[in-house]
Each structure stands twice: as structure tokens, then as C-alpha cells.
Amino acid sequence: MFGELVPTGGGDPIPLMKKRLRVGRRDGCDIVLDFGNVSGHHCLLEVDEGYWFVRDLRSRNGVKVKGKRILVGVRKRLDPNTEIYIAKNGYKISYDPQALGAFGTPPQDEYVDDFFTESLLARAGLKKKDKK
């Protein structure tokens, strides 16, 4: 076992039995979450350099880490005891990085410049003129 997802609202922990796990509502997923708000293939959990990471697989209701929604397709590190929401279902991830081979500085998240945080005019240094 490589760790577990512990439901924040109570319930049995979900063991993380492989270093790469597809999470979703479909039967073919490694971790099946049978909730209507969870997509068929919702997210991917995988270990890299001893740390768990999550990647949203274009889910309808998203993935949140520490209360902030992650961008689709971008890999986000999950440190031990980090709170993660898969749709509206909360979990804390429990694991020991050293037991999974971690040493030195933890690997970084993927960085993506969020192109849609401001308008194209603002990015170009121009202001939109007010209509009269």
C-alpha cells in the first residue's frame, strides 16, 4: 500500500494500492467513487519522486487542492495530509514520502500561465474604451 485517501466527512479510508490510479465513477477506474457529481474518469493520482500528484482529467465538477480548483490537465503535488476535493467529496491524503523513495527537495507542480485570468487588451497593455 502506498497511502490512503481518508474521507473528511467520515467513512472508511481508501487504500492507494498502485503508484498510478485513475479515479472516477466508471467501473473500470482503479478507485470508483459512485457519486453523481463525479465524472466517469475524473482525475489521475500518481507518485513521482516519492510524492503523490493529482491531475484533473477534464472532469465536469473539478478537483480542488487546499480549497483552490486546479486547472484541467495540470499536475498538482499533494503533500501528506493535504485536503483534496474530487467534485464535492473531501479527502485527506495520508502517506510517507520517504517510504515512497522521496529525498531532497520535493518535485514542483507543473506551471502553466493561466491565459484566461485577464483580458487580451489588458495583456497587451491596452484599456478598453468606455462606450458613450
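Searching the whole structure turns up zero aromatic pairs, a pair being rings of Phe, Tyr and Trp (its six-membered ring) with centres within 6.5 Å. This is a predicted model, in which local features need pLDDT of at least 70, side-chain atom pairs count only at pLDDT 80 or more, and totals for chains, interfaces and linings use all residues. Residues are numbered from 1 along each chain as its sequence is written, and side-chain values use heavy atoms, with hydrogens and water left out.

Rings do meet charges here, as the table shows. A charge sits over a ring if NZ of Lys or CZ of Arg is within 6 Å of the ring centre and within 35 degrees of the ring normal.

| Charged residue | Ring | Distance from ring centre |
|---|---|---|
| Arginine 75 | Phenylalanine 53 | 3.8 Å |
| Arginine 77 | Tyrosine 51 | 5.8 Å |

Now to the core. Leucine 45 is in contact (heavy atoms within 4.5 Å) with residues including Leu5, Ile31, Trp52 and Val54, leaving aside neighbours within four places in sequence.

Finally, look at glycine 50, in the loop between strand 5 (43–48) and strand 6 (51–56). Glycine 50 counts as buried because its relative accessibility is 2%, where buried means under 20% relative accessible area with a 1.4 Å probe, protein chains only. Its C-alpha atom is separated by 6.5 Å from that of glutamine 98, 48 residues apart along the chain.

Notes:
Phe/Tyr/Trp six-rings, centres within 6.5 Å; stacked < 30°, edge-to-face > 60°. Helix = DSSP H or I, 4+ residues; strand = E, 2+ residues; numbered from the N terminus. Buried < 20%, exposed > 50% of the residue type's maximum accessible area, 1.4 Å probe, protein only.
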